[in-house]
Amino acid sequence: MARNPLLRTFSRHLLKPLTFWLLALPGIWLAWQWAMLLNGQPHGLGFNPIETTHRFLGDTAIRILLISLAVTPIRDLTKWGPIMMVRRRIGLAAFWYALLHILAYLGLDLFIEAGTASGAMAALWRDVTDRIYITLGMSAFILLIPMAITSFNGMQRLLGSRRWQGLHRLVYPLAILAVLHHGFMVKGFQLAPWIHGGILAALLVYRLVGMKARKRPQPSASKS
Amino acid sequence: MFIHKKHPWQSREDDVTPKGLYLNRRKIIASGGALALTGLSACEAQSGQDGAAPAAAGTRPTSGELAHRSGDYQVADPLTPYPAVTGYNNFYEFGVGKDDPARYAGALTTDPWSIDVEGHAARTGTFALEDVVDFSDLEERIYRLRCVEAWSMVIPWIGVPLASVLASFEPTSQARYVQFVTDLDRDEMRGTRFPVLDWPYVEGLRMDEAMNELAFLAVGLYGEVLPNQNGAPVRLVVPWKYGYKSIKSIVKIRFVSEQPETSWNRSAPHEYGFYSNVNPNRAHPRWSQRSERVIGGNVFARRDTEMFNGYSEQVAHMYAGMDLIENH
């Protein structure tokens with residue numbers, strides 16, 4: 001595949017910037033809509049812009065997280081190695097959108113309601129302890145933090161690749177927590193969290209099958 | 001012209017006279033629509049019954065202006081703009097997105113419309129909507145609407161008191177509760193093809209709640225026939241309860257002796273009780289009910305949620321001695 005010169009040029013020069021701008025696009029769109037709204041212009045945030053913002057940032061974070069989990073399977077299936085170059089920035093984008101999601105909740109809901117920063121923080125803590133879907137969502141975010149901090153090459157060297165890889169397996173439980181957070185938030189029996197959950201389940205099954213396949217030859221190898 | 005009962009939550013007429021949009025709509029209707037035929041000014045048209053000719057008995061308009069008089073029930077806060085009232089809806093029969101009802105509810109056939117009346121009443125059977133609601137005697141009531149999702153609106157409904165409608169069926173002493181059922185048409189209501197809730201949607205009230213002066217059957221809003229997304233052609237409005245109690249597109253009324261099942265209570269009993277009175281002291285298990293986001297105005301606007309949505313004077317007596325946390 002690397003023999004295709006067009007694809008090689010694309011991988012070498014365009015893949016990283018293109019991925020960056022695609023990942024930034026939802027944030028740019030949201031910022032643009034808020035700018036329109038605050039200027040009294042028609043905007044795409046609907047009649048409950050704060051609610052729209054929460055849903056949009058949360059959905060974006062979960063979807064980018066799912067995309068980051070799909071990178072390795074895509075590499076395996078297409079044998080297109082260069083895609084691994086953008087895995088980190090996809091994962092980091094999920095972290096940034098999750099952070100914005102929490103900051104929006106803190107600022108646009110809890111701070112406006114409480115009136116003071118300490119009141120908002122107290123309310124956040126109360127929500128984390130009292131409300132199951134916020135407990136789940138916050139747990140998912142807390143697991144994202146060490147992954148974001150150790151995402152740099154230097155940290156990877158510092159930890160050693162085995163430990164680093166072990167730490168970054170946190171992405172599986174945290175993705176489950178994030179999808180559960182969504183599922184416990186909606187009213188009634190709704191489709192969207194199940195779609196996210198179904199995609200996540202498929203990705204997890206792929207990894208489990210892959211791990212088993214890699215383990216299986218080992219005992220036979222030791223016998224021979 | 002009108003003698004208003006003075007309630008504590010009432011305000012001066014000019015406070016509740018709607019903003020530009022409402023006036024504009026009225027003007028457009030008055031100058032271009034049916035009212036122009038009677039040669040009345042927009043100002044006169046606003047006083048309702050003098051303006052439009054009352055509908056002949058047994059008929060109802062299916063679009064446009066509804067003749068009505070202004071009622072006694074108003075609130076101090078500004079009206080929620082028409083586009084928000086008709087563009088931001090929970091009506092899961094048409095999809096779970098807030099804009100789904102506005103997009104898809106047009107598919108619902110609202111004419112003809114009949115209502116089955118069953119149970120403990122002298123008059124039961126199937127009635128045309130025109131025979132249940134007297135379209136020649138409609139009033140406007142401006143009520144708060146508090147959604148369980150912690151947002152609120154102020155809406156000028158057109159309709160009739162629920163008590164007079166229920167009384168016309170002559171319920172017997174065994175009728176201790178009344179249950180309402182929403183239409184279920186899988187072809188016209190695309191949201192019902194997916195089991196978000198156990199369709200059809202059902203709601204209920206205790207008989208004294210149903211006969212309370214505030215309970216209202218709406219057939220219109222903002223002076224016009226109810227848009228489909230708001231529950232056309234006839235819906236309940238119980239302003240002291242969370243919005244989901246105000247069941248839409250009613251096809252059945254049952255007078256029963258036992259507390260009836262209600263859709264959200266069946267879906268998540270620990271979250272949604274039978275009574276569902278607006279209560280800032282009882283948090284929803286997943287979010288606080290202390291305050292609410294005001295839809296349609298300043299995007300950052302919040303207001304403190306009031307007990308019974310501010311209607312304590314009219315309804316609190318019905319719950320005297322009841323634990324409203326337990327009986328949420």
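Analyst: H9(A) gives the most to the lining of the second largest pocket, with 7 residues. Helices here are DSSP runs (H or I, at least four residues), numbered from the N terminus. This is a predicted model, in which local features need pLDDT of at least 70 and side-chain atom pairs count only at pLDDT 80 or more, while totals for chains, interfaces and linings use all residues. Residues are numbered from 1 along each chain as its sequence is written, chains are lettered from A in the order in which they are written, and side-chain values use heavy atoms, with hydrogens and water left out.

The pocket has a volume of about 960 Å³. On a 1 Å grid over the protein atoms alone, a pocket is an open set of points where a 1.4 Å probe fits, with protein on both sides within 12 Å along at least five of seven lines; lining residues have an atom within 4 Å of a point. The volume is the space filled by probe spheres set on the points, which are joined across faces, edges and corners.

There are 33 lining residues, and those closest to the centre are Thr72(A), Arg87(A), His168(A), Tyr172(A) and Arg207(A). The elements of chain A that supply two or more lining residues are H2, H3, helix H5 (132–149), helix H6 (153–159), helix H7 (161–168), H8 and helix H9 (192–215). By class, the lining has 16 nonpolar, 10 polar and 7 charged residues. Here Ala, Val, Leu, Ile, Met, Phe, Trp, Tyr, Cys and Pro count as nonpolar, Asp, Glu, Lys and Arg as charged, and the others, Gly among them, as polar.
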